[in-house]
Amino acid sequence: MKERLLPEKLKELRKAHNYTQDYVAAALGVVRQTYSHYESGRRTPSPDILYKLAGLYNITVDDLMQLTIELDRNVYYDAPAPTQSSEDLAGFLEYFNSPNNKKKYQLFNNLEKELLYYFEKISEDDKREIIEFTKIKAHKNR
């Protein structure tokens, strides 16, 4: 298991959500320096902090841990395979942190990024259908 994986994922999640270390620290109820130590690997978050981090990023603790623990799939563990939501989140983070997309989407909020991420994965017919549905919803809300 890589010891640097959890700190790297914490930093990646924070940046993907456009949060500052100050903001995350305040949400966790710790000082910024403590949170900075989580990202640098100097300190390991307690179970309580891991639970709060999962809540902050709207994922389960299970998904957070599956993103941050590298398992050897050739060895049997009493752990389930990654869930669809953890695989989706990993794909989402990889997509928006790639050098080609990072700058391109930096001004988008997380909801817009999520919409674009999944929109690119569907067929052209489904895209047209979603656009028509969105037009109807937009006219309803005027």
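Contact here means heavy atoms within 4.5 Å. Keep that cut-off in mind for the stops below. The model on your screen is predicted.

**Stop 1: the whole chain**

Show the protein chain as a cartoon. Its secondary structure comes to 9 helices and 0 strands. From the N terminus on, the elements run α-α-α-α-α-α-α-α-α. The chain has 142 residues, and 28% of them are buried.

Switch to a surface view. The accessible surface comes to about 10,000 Å². Carbon and sulfur atoms own 53% of that surface. Now think about contacts between residues at least 6 apart in sequence: 45% of them join residues at least 24 apart.

**Stop 2: the largest nonpolar core**

Select Val 24, Tyr 35, Leu 53, Tyr 57 and Leu 64. These residues have the most contacts inside the largest nonpolar core, which has 24 residues. In soluble globular proteins, nonpolar side chains tend to be buried together.

Stay on Tyr 57. Which residues does Tyr 57 touch, not counting those up to four places away in sequence? Leu 10, Leu 13, Arg 14, His 17, Tyr 19, Val 24 and Tyr 35 make up the list.

**Stop 3: the largest pocket**

Tyr 57 leads on to the next selection. Together with Tyr 57, they are the lining residues nearest the centre of the largest pocket. This pocket has a volume of about 360 Å³. Its lining takes in 13 residues. By class, 6 are nonpolar, 4 are polar and 3 are charged. Helices H6 and H8 (110-119) each supply at least two residues of the lining.

**Stop 4**

Most residues other than glycine have a negative phi. What is the phi of Asn 18? The value is near 55°, which is positive. Asn 58 also has a positive phi, of about 55°, although it is not a glycine.

Look at where each one sits. Asn 18 is in the loop between H1 and H2. Asn 58 is in the loop between H4 and H5 (61-68).

Is Asn 58 buried or exposed? Asn 58 counts as exposed because its relative accessibility is 70%, and the cut-off for exposed is over 50%. Asn 18, at 46%, counts as partly exposed.

**Stop 5: along helix H6**

Select H6 and step along it. Begin at Leu 93, which lies in this helix. At 2% relative accessibility, Leu 93 counts as buried. Leaving aside neighbours within four places in sequence, Leu 93 is in contact with Glu 12, Leu 13 and Ala 16. Draw a distance from Leu 93 to Glu 12. The C-alpha atoms are 7.5 Å apart, while the residues are 81 apart in sequence.

Move to Phe 96, also in H6. Why is Phe 96 counted as buried? Its relative accessibility is 6%, and buried means under 20%. Beyond residues up to four places away in sequence, Phe 96 touches Asn 101, Lys 102, Tyr 105, Lys 113 and Tyr 117. Draw a distance from Phe 96 to Lys 113 as well. These two are 17 residues apart in sequence and 8.0 Å apart in space, C-alpha to C-alpha.

Finish the helix at Asn 97, which is found in H6. Asn 97 is partly exposed, with a relative accessible area of 22%. Not counting residues up to four places away, Asn 97 touches Glu 12 and Lys 102. The gap is 7.2 Å from C-alpha to C-alpha, across 81 residues of sequence.

**Stop 6: Lys 127**

Jump to helix H9 (residues 124-140) and select Lys 127, which lies in it. Is Lys 127 buried or exposed? Lys 127 counts as buried, at 15% relative accessibility. Show what is around this lysine. Leaving aside neighbours within four places in sequence, Lys 127 is in contact with Phe 119, Glu 120 and Ile 122.

Technical notes
Residues are numbered from 1 along each chain as its sequence is written. This is a predicted model: local features need pLDDT of at least 70, side-chain atom pairs count only at pLDDT 80 or more; totals for chains, interfaces and linings use all residues. Side-chain values use heavy atoms; hydrogens and water are left out. Helices (H or I, at least four residues) and strands (E, at least two) are DSSP runs, numbered from the N terminus. Buried means under 20% relative accessible area, exposed over 50%, partly exposed in between (1.4 Å probe, protein chains only). Accessible areas come from the Shrake-Rupley method with a 1.4 Å probe; for residues, only the protein chains shown count as cover. A nonpolar core is a set of buried Ala, Val, Leu, Ile, Met, Phe, Trp, Tyr and Cys residues joined through side-chain atoms within 4.5 Å. On a 1 Å grid over the protein atoms alone, a cavity is a set of points where a 1.4 Å probe fits but cannot get out, and a pocket is an open set with protein on both sides within 12 Å along at least five of seven lines; lining residues have an atom within 4 Å of a point. Grid points are joined across faces, edges and corners, and a volume is the space filled by probe spheres set on the points. Ala, Val, Leu, Ile, Met, Phe, Trp, Tyr, Cys and Pro count as nonpolar, Asp, Glu, Lys and Arg as charged, and the others, Gly among them, as polar.
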